[in-house]
Amino acid sequence: MQIFIDTADIDEIKEAQSLGVLDGVTTNPSLVAKTGKPFEACIKEILEVVPGPVSVEVVATDHDGMVAEAKTFASWADNVVVKVPIIREGLKAIKTLSDEGIKVNVTLCFSPMQALLAAKAGAAYISPFVGRLDDISTDGMELIQQVVDIYGNYAYDTEVLVASVRNPLHVVASALMGADVCTLPLKVIDQLLKHPLTDKGLEAFLADWEKVEKG
Ligand code: E4P
């Protein structure tokens, strides 16, 4: 399973990269706003250090506007993936962009049929938002299972990118379901690594090492 980091913060991205397990980055307008940086400078700074896919989201809500923004983003680097919301105009834009060879990550997906339409339109990635579904008492991971099954039934190439991940249990379930990608806040990447028995065991080994005669 690929691991992306879900942030536009360059320091967090560099920290995750230093762990050696980072495959890509996802951003959205809210994450860029949090950095306080101008949009284009923020994205270009990320593109300078990340060789893998970097998702950059359009803000136009009409087909022509989305396509124009997407083409600008795609001109910045070969690894740009354009994020398009799964609305009526977005669906048209996914088809146009995919036909032109621009990779699209379809965002704000909350239903299996939205995912099916995105795949039919040629999306490279579908981003179902699991945490936001959990927040309204709907099982987000059930949606992931449905999308994985539907895509498998018809051999769609669209990759399932689990988004809005809030905790390690989402990641475990994603891996068991065979999702292609999880995009994670740095905090969740850290949580994946942490285990109290690892810390306790290391502490004991190091304490015992002090008792060993050296040389
Ligand atoms: C990533 O592609 C999404 O924009 C992001 O995971 C949304 O996460 P949130 O629901 O925590 O804002």
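Trainee: What makes β4 and β5 a pair in this predicted model?

Mentor: Strands pair if there are at least two bridges between them. Strand β4 (residues 80-85) and strand β5 (residues 104-109) are joined by 4 bridges, so they count as paired, and they run parallel.

Trainee: Why is Ser-164 called buried?

Mentor: Its relative accessible area is 9%, and buried means under 20%, so Ser-164 qualifies. Ser-164 sits in the loop between β7 and α9 (168-177). Its phi is near 60°, a positive value in a residue other than glycine.

Trainee: And Ser-137, buried or exposed?

Mentor: Exposed, because its relative accessibility is 73% and the cut-off is over 50%. Ser-137 lies in the loop between α7 (130-135) and α8 (140-154). Phi of Ser-137 is near 60°, again positive in a residue other than glycine.

Trainee: How confident is the predictor, and where is confidence lowest?

Mentor: Mean pLDDT for the protein is 98, with 100% of residues at 70 or more. Confidence is lowest in α10, at a mean of 97, and highest in strand β7 (residues 159-162), at 99.

Technical notes. Residues are numbered from 1 along each chain as its sequence is written. This is a predicted model: local features need pLDDT of at least 70, side-chain atom pairs count only at pLDDT 80 or more; totals for chains, interfaces and linings use all residues. Side-chain values use heavy atoms; hydrogens and water are left out. Helices (H or I, at least four residues) and strands (E, at least two) are DSSP runs, numbered from the N terminus. pLDDT is the predictor's confidence in each residue, from 0 to 100. Buried means under 20% relative accessible area, exposed over 50%, partly exposed in between (1.4 Å probe, protein chains only).
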